[in-house]
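The sequence and structure are shown first.

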Amino acid sequence: MLMLGESIFSLLIVDIGKEGKSFFSVFYCGISTVIFLQLLHFRSQPHSADSHASRRSKNAGVLWSITMEVYSFALVVLGAAFTFFLIESERAERRRNLADIASSSNAQAAAHLFSGALAVIFFSLDAMTVLHLGMDEIHSRCVFQGNK
């Protein structure tokens, strides 16, 4: 929750002189992205303490802790990417030339940062779900049971 909040903070604390249309589109897309990530986060966590990876086995608990650290780091990087997007949107408002912004190295770096962070976040959420449930439970959910 703290790292998801950091992503929201990264959207809120950017000091820009004049906010234009592109600033608000980036801002609201960032807010909705974090809201959907929060939904995915809570869907990947167990509903009871007995279903947690740490209770299932020692190795699953250790792997879950490592995955949680990687997940938290990726959420902070995602917040930094939001900050870069907001700064680039302000530069776009000043220049009014979107083709120039799309080809800038700062915009490309922000896009790579955002994409990489999102990929790590999705992988971490899936890994944590597998660690909570175990491979047997995941396999039984994925295998077609046929007509019963």
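In this predicted model, the side chains of Ser44 and Gln45 are joined by a polar contact of 3.4 Å. A second polar contact, of 3.3 Å, links the side chain of Gln45 to that of His132.

| Side-chain pair | Polar contact |
|---|---|
| Ser44 and Gln45 | 3.4 Å |
| Gln45 and His132 | 3.3 Å |

Ser44 belongs to helix 2, which covers residues 21-44. The helix has 24 residues and spans 35 Å from its first C-alpha to its last, close to the 34 Å expected at 1.5 Å a residue. Gln45 lies in the loop between helix 2 and helix 3, the latter being residues 53-56.

Ser44 has a relative accessible area of 7% and is therefore buried, the cut-off being under 20%. Gln45, at 16% relative accessibility, also counts as buried.

Leaving aside residues up to four places away in sequence, Ser44 touches Leu125, Thr129 and His132. With the same exclusion, Gln45 is in contact with Trp64, Met128 and His132.

Within helix 2, the buried residues are Ser22, Phe23, Phe27, Gly30, Val34, Leu37, His41 and Ser44. An α-helix has 3.6 residues a turn, so residues three or four places apart point the same way.

Terms used. Residues numbered from 1 in each chain as written. Predicted model: local features only at pLDDT ≥ 70, side-chain atom pairs only at ≥ 80, totals over all residues. Heavy atoms only, no water. Helix = DSSP H or I, 4+ residues; strand = E, 2+ residues; numbered from the N terminus. Buried < 20%, exposed > 50% of the residue type's maximum accessible area, 1.4 Å probe, protein only. Polar contact = N/O pair within 3.5 Å; in protein donor to acceptor, adjacent residues only side chain to side chain. Contact = heavy atoms within 4.5 Å. Expected span 1.5 Å × (residues − 1).
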